[in-house]
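Here are my notes for your first look at this model. Keep the structure open beside you and go through the points in order.

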Amino acid sequence: MKPAWDQLMKEFDGHASVLIADVDCTTEGKSLCDESGVQGFPTIKYGDPNDMQDYKGGRDADALSKFAKENLGPSCGPDNLDLCAADKKKQIDEFLALPIADLTSKIKEKEDESAKADKDLEELLKSLQAQYEAGTKAKETKQEEIKGSGLGLMKSVQAYRKKAKAEL
């Protein structure tokens, strides 16, 4: 994928309103990646730098270029109200009317909700992992019990009888 990404960066180099870049999430870019919700590599994000979205399209040069041409550039926001649908304009107007302290509080509230959703999922995954491990152990114990009860010998006797019958 790296060659396709490099080609896309070259295609949009110097563009007035589109930035195609890569970030090393293991070094200087770690805080940006954490803030943007990057959890695996490679991850492609797009959109407003304050509201990055996950890219789910193709990873070849043609798919990336097509997506960039059709979806990147100025988007709905306080700087581009003309690009907003009526409901989004209304929301932006409501947010602009809020005192900055109230807006900051509402942002924190939503970020906390998102963090709780992440934590809830993590706890669910831990619970599921524990259930899976317990189920796997129970299965292995049962299979050992079945083998110990003579399953292998039963199969040997069955094969012996089929062979003996065939020889008659």
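**Notes on the predicted model**

1. Confidence. The mean pLDDT of the protein is 91. Of its residues, 100% reach 70 or more.

2. Domains. The domain assignment gives domain 1 as 1-75 and domain 2 as 112-167. How far apart do the C-alpha centres of domain 1 and domain 2 lie? The distance is 43 Å.

3. The helix H5. This helix covers residues 100-167, which is 68 residues. Check its length yourself. At 1.5 Å a residue, H5 should span 100 Å. Its end C-alpha atoms are 93 Å apart, which agrees. Now look for a bend. H5 bends by about 60° at Gly148.

4. Salt bridges, the overall count. A search of the whole structure finds 13 salt bridges.

5. Asp6 and Lys2. These two residues form a salt bridge, and their closest N and O atoms are 2.8 Å apart. Both sit in helix H1 (residues 2-11). They are four residues apart, so about one helical turn separates them. An α-helix has 3.6 residues a turn, so residues three or four places apart point the same way.

6. Asp22 and Lys2. Lys2 also has a salt bridge with Asp22, with the closest N and O atoms 2.8 Å apart. This pair links distant parts of the chain, 20 residues apart. Asp22 lies in the loop between H1 and helix H2 (30-36), while Lys2 lies in helix H1. Asp22 is partly exposed, at a relative accessible area of 42%.

7. Lys30 and Asp34. Here the closest N and O atoms of the salt bridge are 3.3 Å apart. Both residues lie in helix H2. They are four residues apart, about one turn of the helix. Lys30 counts as partly exposed at 43% relative accessibility. Asp34 is partly exposed as well, with a relative accessible area of 47%.

8. Aromatic pairs. How many aromatic pairs does a search of the whole structure find? It finds two. In one, the ring centres of Tyr46 and Phe67 are 4.9 Å apart. Their planes stand at 80°, so the pair is edge-to-face. Tyr46 belongs to strand S1 (residues 45-46) and Phe67 to helix H3 (residues 61-71). The pair links distant parts of the chain, 21 residues apart. Tyr46 is partly exposed, with a relative accessible area of 25%.

9. Phe67 again. The rings of Tyr55 and Phe67 have centres 4.8 Å apart and planes at 70°, so this pair is edge-to-face. Tyr55 lies in the loop between strand S2 (53-54) and H3, and Phe67 in helix H3, so the pair ties together parts twelve residues apart in sequence. Why does Tyr55 count as buried? Buried means under 20% relative accessible area, and Tyr55 has 7%. Tyr46, Tyr55 and Phe67 form one aromatic cluster.

Conventions: Residues numbered from 1 in each chain as written. Predicted model: local features only at pLDDT ≥ 70, side-chain atom pairs only at ≥ 80, totals over all residues. Heavy atoms only, no water. Helix = DSSP H or I, 4+ residues; strand = E, 2+ residues; numbered from the N terminus. Expected span 1.5 Å × (residues − 1). Bend = angle between axes of the 7 residues up to and from the residue. Salt bridge = Lys/Arg side-chain N within 4 Å of Asp/Glu carboxyl O. Buried < 20%, exposed > 50% of the residue type's maximum accessible area, 1.4 Å probe, protein only. Domains from an automatic or database assignment. pLDDT = per-residue confidence, 0-100. Phe/Tyr/Trp six-rings, centres within 6.5 Å; stacked < 30°, edge-to-face > 60°.
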